Amino acid sequence: MNKPVIIVGAGLSGLYTASLLSENGIECKVIESRNRIGGRVITEEAAGANFDLGPTWFWPEHEHAITAVIKKLGLKTFTQHTNGDLLFEQSTESPAQRHTLPAHAAERSERLEGGMQSMIEAVADTLPANTIELNKTITAINMNHEDEVSVHAVNSEGEELVYGGSAVVLALPPRLTKRISFSPELPALADLPTWMAGQAKIVAVYDQPFWREQNLSGQALSWAGPLQEVHDATAATGQGALFGFFNLSAAQRFQLGADKVKKMALAQLTRLYGDKAGMPSSVLYKDWATDDDTATEEDALPLIDFPQYRPLDITGPWHGKLLIAGTETASGSGGHLEGAIRSAERTASVILERN
């Protein structure tokens, strides 16, 4: 190929697709609208440790693709803490019930030292210099008469840019493709909900995981809310942390405001784990429904069933010139990091077979 493959999106799928192609001598250009790489993988620092506000763990027993990538990159892992009793909260009027789960009831999951962002950075490090361009929003993709593709973008200063490519990989949630104009027109894609786009995540950070002293695992399920589930998020370096997902809808969170939502979550953690839980050293919060690079209006609606994610094949004049990647397009483990890796492997394989 004389022109590079243009990859739209510097999340795990986009970066790993570029890595596999570069490894095989295919030049790539990765264009990202955010000012960072990682997409829905985001790790923030608090109290001298790193905590994930997106995906947190993987399951090595059956997620073989990501396990192989982590081993290939030489990243260090540690086992997610699940030892101890689980709490179940039915209402705010009565104490949470303690449940001792049978041994090995929880499938072993692993986390990365330094957070999931360490994998994103390690994959990016496999790419040639200047492969990734940040703060560039794609506005249009056109097929030229010479059977080459032109990708139009706008940078953060409002300047228009044009990239020439041999093919384009859209490594972003399928619903976001509606914001891009295509010439010739792109056939309608299946409406696949964006995983995690309607959810929010909170991490409360403490000096140490004090709940473990009470033989509590840090896991909790609640009908009372606002958190519907809680997990131990303690860092590999020992700083304690609890994280939770909300049963509040995106609209409810927006109406309450972030400060009120965080205050309600800390009140619930106090009910569950005592006064220490209400006095974190830091609180990290990410509402993915307000992230324009992730969510659309449709994603604000709560998911009722697990979406039927699958590859999206492009027909018509765009066949062979436009591919859709991302965890929503994985035939297995869609929505997980495993799905993102599998999608990248499938996409790279298709491109390599044609060259």
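## Exercises on a predicted model

The axes of helix α1 (residues 12-23) and helix α6 (residues 337-353) come within 8 Å and cross at roughly 40 degrees. The model is predicted.

**Exercise 1.** Describe how α1 passes α6, and state which residues of α1 meet α6.

*Solution.* 
1. Two packed helices are described by the angle between their axes and the distance between the axes. Here the angle is roughly 40 degrees, and the axes come within 8 Å.
2. The crossing of α1 with α6 is right-handed.
3. From α1, the residues in contact are Leu12, Ser13, Tyr16, Thr17, Leu20 and Leu21. Their partners in α6 include Leu337, Ala340, Ile341, Ala344 and Glu345.
4. Sorted by class, this contact of α1 with α6 holds eleven nonpolar, four polar and one charged residues.

**Exercise 2.** Decide whether Gln219 is buried or exposed, and list what Gln219 touches.

*Solution.* 
1. Locate the residue: Gln219 is part of strand β16, which covers residues 216-222.
2. Apply the cut-off: buried means under 20% relative accessible area. Gln219 has 15% relative accessibility, so Gln219 counts as buried.
3. Leaving out residues up to four places away in sequence, Gln219 touches Thr82, Asp85, Leu86, Leu87, Val230, His231 and Tyr273.

Note on methods. Residues are numbered from 1 along each chain as its sequence is written. This is a predicted model: local features need pLDDT of at least 70, side-chain atom pairs count only at pLDDT 80 or more; totals for chains, interfaces and linings use all residues. Side-chain values use heavy atoms; hydrogens and water are left out. Axes are lines fitted to C-alpha atoms, for helices over the stretch in contact, and angles run from 0 to 180 degrees between N-to-C directions. Helices (H or I, at least four residues) and strands (E, at least two) are DSSP runs, numbered from the N terminus. A crossing is left-handed if the near helix is turned anticlockwise from the far one by less than a right angle, and right-handed if clockwise. Contact means heavy atoms within 4.5 Å. Ala, Val, Leu, Ile, Met, Phe, Trp, Tyr, Cys and Pro count as nonpolar, Asp, Glu, Lys and Arg as charged, and the others, Gly among them, as polar. Buried means under 20% relative accessible area, exposed over 50%, partly exposed in between (1.4 Å probe, protein chains only).
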